[in-house]
Amino acid sequence: MRMKTQVMTFNISNSFEEWANNFDSHREIQAAAGMTPLFRGPHESDPQKVCVVLQIEDEEKVGAFMAENEAAILDSGHLLETTESNTYL
């Protein structure tokens, strides 16, 4: 199966460090959903804007992961309504 690369940007309601600690604590369930984080970082001039680059197996699995873990994602400070996502082959 060919892996895809997903680039997501979104805003957070807390500090990048708080958000990143939460994001990093979910590596096992991310891996189980076929998601491998390649990069995560704040925008250079706006610390409330985050970029995440993932290698993914399947966009449907990522969607299911987001739906199943919505409460934890919201608790991390991720403002879901600001999410923009693009997938590349």
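Asn14 touches Trp19, Gln48, Ser76 and Gly77, leaving out residues up to four places away in sequence; contact means heavy atoms within 4.5 Å. This is a predicted model, in which local features need pLDDT of at least 70, side-chain atom pairs count only at pLDDT 80 or more, and totals for chains, interfaces and linings use all residues. Residues are numbered from 1 along each chain as its sequence is written, and side-chain values use heavy atoms, without hydrogens and water.

**Asn14**
- Asn14 lies in the loop between S1 and H1; helices (H or I, at least four residues) and strands (E, at least two) are DSSP runs, numbered from the N terminus.
- Asn14 counts as buried because its relative accessibility is 18% (buried is under 20% relative accessible area, exposed over 50%, partly exposed in between, with a 1.4 Å probe and protein chains only).
- The backbone oxygen of Ser76 is reached by the side chain of Asn14 at 2.9 Å.

**Helix H1**
- Phe16, Trp19, Ala20 and Phe23 are buried in H1, which spans residues 16-24.
- The buried residues of H1 fall within an arc of 95° seen down the axis, so they line one face of the helix; the arc is that of the directions from the helix axis to the C-beta atoms.
- Exposed Glu17 and Asn21 sit on the face of H1 turned away from its buried side.
- Strand S1 (4-12) and helix H2 (27-32) are among the elements against which the buried residues of H1 pack.

**Nonpolar core**
- Phe10, Trp19, Met35, Val50 and Val52 touch the most other members of the largest nonpolar core, which has 15 residues (buried Ala, Val, Leu, Ile, Met, Phe, Trp, Tyr and Cys residues joined through side-chain atoms within 4.5 Å).
- S1, H1, S3 and helix H3 (59-68) each give two or more residues to this core.

Technical notes: A polar contact is a pair of N or O atoms within 3.5 Å; within protein, one must be able to donate a hydrogen and the other to accept it, and residues adjacent in sequence count only if both atoms are side-chain atoms.
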